Amino acid sequence: MNGTDDTTTAPPSHQIRALHTESTVTVYQAYAPGLGEAAARTGRFPSSWKRDRMTWIKPSFLWMMYRCGWATKEDQQTVLAVEITREGFEWALRHACLSHYAHGVHADAAAWKRDLKQAPTRVQWDPERDLHLNPLPHRSLQLGLAGDAARRYADEWTVSITDVTELAHSVHALVRENDLTAAGRLLPLERPYPAAAGLLDHLTARA
């Protein structure tokens, strides 16, 4: 795996970058060991995974590391790479609403609130992170799934679940040793996601 970018051109400010195949895309989540290890062991989310609560998925490995503190934060000690269908991922994007009001995307704040209330998914763009987990100028997608979307994610879209906690620890150890070249080689290869024309138009306002 190699997460480094060999080009010198800066990524667009709002772009989905992910480990993906022709049919799947990999997203990351972190859980307490009891739930996370059970999910990785069976390749499915267990019945204890609450399907009636919003869950956030992240295509960026390093943003997940920022969120979970390299798998050290309480109830986030197990990091999962969840491979889901691109069909499901794109359904979630098509039905998403931005998590904040954006002039030019929504007619007004009231319209945004109505859309947000009805949407099964929501999107926010947060600064991407480098190996030191410092913010970068370009953004990383966070996709929130609620209600029917969360159920579909857990029971229909998920293709495989892999425990990548040891990978997180290995990358972190190399960063602490300041061997960023070796750390970068371990990162998942996150390439620009081939989003169809118009798929992100309602989600890419510059906030």
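Helix α3 (residues 86-94) is largely enclosed by the rest of the structure, because 7 of its 9 residues are buried, that is, under 20% relative accessible area with a 1.4 Å probe and protein chains only. Helices here are DSSP runs of H or I with at least four residues and strands are runs of E with at least two, numbered from the N terminus. The model is predicted: local features need pLDDT of at least 70 and side-chain atom pairs count only at pLDDT 80 or more, whereas totals for chains, interfaces and linings use all residues. Residues are numbered from 1 along each chain as its sequence is written, and side-chain values use heavy atoms, with hydrogens and water left out.

The buried positions of α3 are Arg86, Gly88, Phe89, Glu90, Trp91, Ala92 and Leu93. These residues pack against the strands β2 (24-31), β4 (78-85), β5 (96-98), β6 (121-129) and β7 (135-145), and against helix α5 (148-157); contact means heavy atoms within 4.5 Å.

The chain as a whole comprises 7 helices and 9 strands. Its radius of gyration is 17 Å, close to the 17 Å that the globule rule gives for 207 residues, so the chain is as compact as a globular protein of that length. That radius is taken over C-alpha atoms, and the rule is 2.2 Å times the number of residues to the power 0.38. Along its principal axes, the C-alpha trace spans about 50 × 45 × 35 Å.

Of the 207 residues in the chain, 47% are buried. Among contacts with a separation of 6 or more, 76% join residues 24 or more positions apart.

Notes
Buried < 20%, exposed > 50% of the residue type's maximum accessible area, 1.4 Å probe, protein only.
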